[in-house]
Amino acid sequence: MKPITYMETNHIDALSALGMSRVIAGFWRLPEWRMSANELLGFVEACIERGVTTFDHADVYGRGAVEAAFGEVLALKPSLRDNIQLISKAGIRFAASSVGEAPVKHYDSDPRYLRESVEQSLKRLKTDHLDLFLIHRPDSLMSIDDIALTAEALIAQGKVRAFGVSNFPARQFELLHAKTTLATNQIEFSPFELGALENDMFAVLSQAKVPPMIWSPLGGGRLFADEHEVARRVRRVMTDLQAQYGATNWLSIAYAWVARLPGAPYVISGSRRLESVQAAVDGLRIELSRPDWYAILEAARGRPVR
Ligand SMILES: NC(=O)c1ccc[n+]([C@@H]2O[C@H](COP(=O)([O-])OP(=O)(O)OC[C@H]3O[C@@H](n4cnc5c(N)ncnc54)[C@H](OP(=O)(O)O)[C@@H]3O)[C@@H](O)[C@H]2O)c1
């Protein structure tokens, strides 16, 4: 196990240097799936068969229970660990949760808390290192210097291979990246959440040669809602484009749309359905033309560009 150095990231992005798959399976919703450890092992193995080898966690998912459930999978089959990459995050503290009692929900980037959270994640996941550790949300009271020093110490100790952030605005990303190498910014983007197009995020990441990592690419499932007007419009355009790109599922066009953004984003699937994971893998092989990409943007916004 070896940390990623800045030199290595000059020619290849830090996430591919870590061996990460561009489609990532996310486990935020695992508590709804009601899977036994054996069923979850089956799901993880089926993801790996499809080339999806990277798995996204956070200390707060299921208030610790999601990482613990994944740890049971690794206990059932320890040899998996050599062939997968694990992401986890810290920084959100719920009021009265299993990951630390607090009187109010708040964000925390205190070095002691970050170090402790990594230790707890490693214990629950039954592993000795995280491939990528992210600050979950920017903390209004954060010290950029303290976060950078903490990240470097965790990497030097071998507990974390690479470091990044999530939900950081462009300026805060730049300030922290100037102090320590960030492997990604994990941000929300979908036809329902277009903010990153307007706030320079993709330009900043592209310029820094840091790939974005997209969460909720299907709007957290809103894309399937029949009562949702945006969903109906967007699905109609995606279905029209499906045959033209040889896709077996319109859902692949949804993933192709996100993957076409600047910086070759990594995309997190949040589904328990293997057909949706497969649609993501297929979608990332499709390169939408500029007019087709804009046709989906127009459907998402409900108006053409000016
Ligand atoms: N950094 C952050 O702040 C942050 C925040 C949120 C999420 N995340 C990460 O991003 C991951 C993905 O987020 P997400 O779960 O919101 O992503 P998503 O992929 O946009 O949405 C997943 C939802 O879509 C549904 N879905 C997928 N395919 C479907 C189909 N064919 N038919 C009907 N429903 C379908 C899923 O239900 P089924 O399971 O039934 O298919 C699930 O409820 C999370 O697991 C987590 O790892 C990060």
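Colleague: What should I know before reading the numbers?
Modeller: Residues are numbered from 1 along each chain as its sequence is written. The model is predicted, with local features needing pLDDT of at least 70 and side-chain atom pairs pLDDT 80 or more, while totals for chains, interfaces and linings use all residues, and side-chain values use heavy atoms, leaving out hydrogens and water.

Colleague: Where is Asn167 placed?
Modeller: Asn167 is in the loop between strand 7 (160-166) and helix 7 (170-177); helices (H or I, at least four residues) and strands (E, at least two) are DSSP runs, numbered from the N terminus.

Colleague: Does Asn167 count as buried or exposed?
Modeller: Asn167 counts as buried, at 17% relative accessibility (buried is under 20%, exposed over 50%, partly exposed in between, with a 1.4 Å probe and protein chains only).

Colleague: And which residues does Asn167 touch?
Modeller: Leaving aside residues up to four places away in sequence, Asn167 touches His136, Arg137, Pro138, Asn185, Gln186, Ile187, Glu188 and Trp215, contact meaning heavy atoms within 4.5 Å.

Colleague: Turning to helix 6, at what angle does it pack with helix 7?
Modeller: Helix 6 (residues 144-156) packs with helix 7 at about 55°, their axes being 9 Å apart. Axes are lines fitted to C-alpha atoms, for helices over the stretch in contact, and angles run from 0 to 180 degrees between N-to-C directions.

Colleague: Which residues make that contact?
Modeller: Ile144, Ile147 and Ala148 of helix 6 meet Gln172, Leu175 and Leu176 of helix 7.

Colleague: How close do the axes of helix 11 and helix 12 come?
Modeller: The axes of helix 11 (residues 250-259) and helix 12 (residues 274-283) come within 7 Å and cross at roughly 55°.

Colleague: Which residues meet there?
Modeller: Leu251, Ser252, Tyr255 and Ala256 in helix 11 meet Ser276, Ala279, Ala280, Asp282 and Gly283 in helix 12.
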